[in-house]
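Me: Hi! I've got a structure open and would like to talk it through with you. Can we start with a helix and go on from there?

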Amino acid sequence: MPEQPQISATLKEYFGYDSFRPLQQEIIDSIFAGNDNLAIMPTGGGKSICYQLPAILLPGITLVISPLIALMKDQVDGLRANGIKAAFINSSQTENEQQSIYQSLLDKQIKLLYLAPESLSFTDAIVSQIEISLIAIDEAHCISAWGHDFRPAYTQLGYLKNKHPKTPLIALTATADKATRQDICDQLNISNATQHLASFDRKNLSLEVRPGNKRIEQILNFLEDKSKDSGIIYCLSRKTTETLAEKLRNQGYKAEAYHAGVAHEKRAKVQEDFINDTIQIVCATIAFGMGIDKSNVRWVIHYNLPKNIEGYYQEIGRAGRDGLPSYTLLFHSYADVVQLQKFADMSGNKEVQLAKLDRMKQYAESLSCRRKILLSYFGELIEKDCGNCDVCLDPPTFIDGTIIAQKALSTVSRIKEQEPIGTVIDVLRGAQNVAVYDRGYQHLKTYGIGADISWRDWQQYMIQLINQGYLEIAFHQKNKLKLTKRSKKVLFNNEKVRLSHVKEFEKITAAHIEHSKKSKSDTLFDTLRELRLKLAKEAGIPAYQIFNDATLREMEQHKPTTDEEFMQISGVGKQKMQNYGYQFIKTILEYSTKKTKKASQNKGNTLKETLALYKQGLSIEEIASQRKLATSTIFSHIMKLYDDKEDIDLSTFVSKEDIKVVQKAKEELNQPDGLKPYFEYFEGSIDYNTIKLALTILKNEKTE
Ligand code: ADP
Ligand code: ZN
């Protein structure tokens, strides 16, 4: 079993992190102790490292069973970007590709092998010949018919433990449901598994609920300060996703619709563009998300009320996987409730569905800390209010609502409980429309007695009256409002009614304002983000796999300009330092020279010093040792000086031999775009920096 220092060093070297998230260490220790494990963590909790880190240190191969073929390539690319040998086998590959992976497996050139459950049978012969040190089953709830994503192919996975009784197996899921948990262990034959249940509290997600009036306006308002941040808007219907996306495009946002009716290729394209940050907003039905492993989704909006809290939590969980503050906004409208009630009525298990919808409604209408309600749903109690939901940030103030209630209830009584909320409000406000005149409501005694309160506020008060049991909606009778026992007490026994003051929702909450200030001023972050996108395109991987947003934020804050400083940033491991370090350092230097005068002097000076030593004929290594800086720092200085058109002869930094082989590669590969094809051609034996240098030299030779 590896010692603690080795485990920590591996975490830093391969993943770039200095410390574990809750439960990661415990799970990893348990794997090394040879136990079977069941890990339950919320989306974004950091499940992958729990098996990826042991995989690096264990002698044999780690088999990872994962349900989504579309995700495998991403996961494997991400591992490779960290310098971890990984591969996948699935039906999308040619026989040749598969053969070459088989060979690498036999040659022990692979540490993690990703497989879809469907591929297990045809890979069995090969898998039998290799040493398996660990089996990881991702999205393990797919095995259970109790869960929400049942996949028949998962049910055969039970044989894995029988076949490899001594190999530790770990099942991972974000489903907290107890019945599903038990079912997973039973079916995988790991009844003695150690269970690790992480907190479901995602503290970095702010929670906000607003009434669903003028939603488009509110969304545009919300987006004003999020010009570049990625987000998802979940809608109930396909049509809404289409119209909403179009409206957003008309306002200049890069938005696309995504639902099951969109052609397969188009859907794949939307997903890819979203992952690569070329589309900013996806307006989607629930069909979108399962395949999305994107760590920098900064906000999630629910245009409509979700039908239960599980779904809602999973969807907002797609925001902020990188741990940075992220925003969620839920629109609550009674029309949605009515609609969902109908769906529930028609469904097989009506009672359960209605009960779940009820909990969702309670959450949306809560006048106390929302996170408390959310977590209590998952069986978790928090002592203190969270301080990061709209209720905590702007607690309701209560007013004596007795007169408001009396006006409303007597109106309902006078129209003989024959109208839905909207018409009741019309009568209260003295509206002059068909609904009122047709039935002669303008002659009622209460007509117009509530004209001093806006339509929108009335709606909120009505909802509060319903929640407190003073009114009921008859869902089976066209949603007519009905009086209750309790309403009689108000009308006839002077019972006092407490209502919460209706908030001004156009006003954005403190958290948003703070966020907006930040995102407007942080141009170094934007510059780093642009660099990341460029590098991602060159390497042919999603942007967040270069570095995630949290890492870029840290660079922005600490502005590392030496290798040592750069290595200190969370998320920077060895491989990424080598591949991208100098380019980021160079960009930070450039930014500093441009932006701050003071910094410009300092950084300018450091460049001047390097230049002076260079002119004395010193090599990069010599300059580095004289200046007590890392060689790659000096390298980035040199590249910067070259870009600044200083008299730098790049050919002194690359051997003729290297230039020659790069030239040969260039011809053989037919002048490919980007650096990745070269890097792969050389199988990593020549680093990105050298390739880049050689190509720059070759290019300039031609123009001269
Ligand atoms: P899950 O599969 O549970 O949804 P992931 O494994 O995808 O979560 O991890 C979510 C994000 O958190 C990733 O961007 C990952 O790099 C990051 N992460 C994981 N562990 C740590 C850690 N110890 N420190 C910092 N970031 C981490
Ligand atoms: Zn709260």
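**A chat about the model**

Reply: Happy to! This is a predicted model. Let's begin with helix α17 (residues 402-414): at 1.5 Å a residue, its 13 residues should span 18 Å, and the end C-alpha atoms are 18 Å apart, which agrees.

Me: Nice. Which residues in α17 are buried?

Reply: Thr402, Ile404, Ala405, Ala408, Leu409, Ser410, Thr411 and Val412 are buried there. After α17 comes Lys416, with a positive phi near 60 degrees.

Me: Let me zoom out. How many helices and strands are in the chain?

Reply: The chain has 32 helices and 17 strands. Of its 704 residues, 55% count as buried, and the C-alpha atoms fill a box of roughly 95 × 65 × 45 Å along the principal axes.

Me: On to the metal. What coordinates the zinc ion (ligand 2)?

Reply: Four cysteines do, through their SG atoms: Cys369, Cys386, Cys389 and Cys392, at 2.4 Å. Along the chain, these donors follow the spacing C-x16-C-x2-C-x2-C.

Me: And what is the geometry of the site of the zinc ion (ligand 2)?

Reply: The site is tetrahedral, with angles of 102 to 121 degrees among the four donor atoms.

Me: Is Cys386 buried or partly exposed?

Reply: Cys386 counts as partly exposed because its relative accessibility is 24%, and Cys392 is also partly exposed, at 21%.

Me: Changing topic: how many salt bridges does the count come to?

Reply: The count comes to 34 salt bridges. One of them pairs Asp526 with Lys228, with the closest N and O atoms 3.6 Å apart. Asp526 lies in helix α23 (residues 523-539) and Lys228 in the loop between α9 (215-223) and β9 (230-234), so this pair ties together parts that are 298 residues apart in sequence.

Me: How accessible are Asp526 and Lys228?

Reply: Asp526 counts as buried, at 14% relative accessibility, whereas Lys228 is partly exposed, at 48%.

Me: Which arginine meets Asp526 in a salt bridge?

Reply: That's Arg529, at 3.8 Å from N to O. Arg529 and Asp526 both lie in helix α23, three residues apart, about one turn of the helix. Both residues are buried. There is also a network, in which salt bridges with shared partners join Asp277, Lys294, Arg298, Asp322, Arg532 and Asp549.

Me: Last one: which residues make the nonpolar surface patch of about 310 Å²?

Reply: Leu236, Phe343 and Met346 make that patch. Met346 is found in helix α13 (residues 334-346), and Met346 is exposed, with a relative accessible area of 65%.

Technical notes. Residues numbered from 1 in each chain as written. Chains lettered and ligands numbered in written order. Predicted model: local features only at pLDDT ≥ 70, side-chain atom pairs only at ≥ 80, totals over all residues. Heavy atoms only, no water. Donors = N, O, S within 2.8 Å, 3.2 Å for Na, K, Ca; no water. Tetrahedral: all angles 85-135°; square planar, octahedral: opposite > 155°, others 65-115°. Buried < 20%, exposed > 50% of the residue type's maximum accessible area, 1.4 Å probe, protein only. Patch = residues over 30% accessible without salt bridge, like charges linked within 9 Å, V, L, I, M, F, W, Y side chains within 5 Å. Areas by Shrake-Rupley, 256 points an atom, 1.4 Å probe, with all protein chains shown as cover. Salt bridge = Lys/Arg side-chain N within 4 Å of Asp/Glu carboxyl O. Helix = DSSP H or I, 4+ residues; strand = E, 2+ residues; numbered from the N terminus. Expected span 1.5 Å × (residues − 1).
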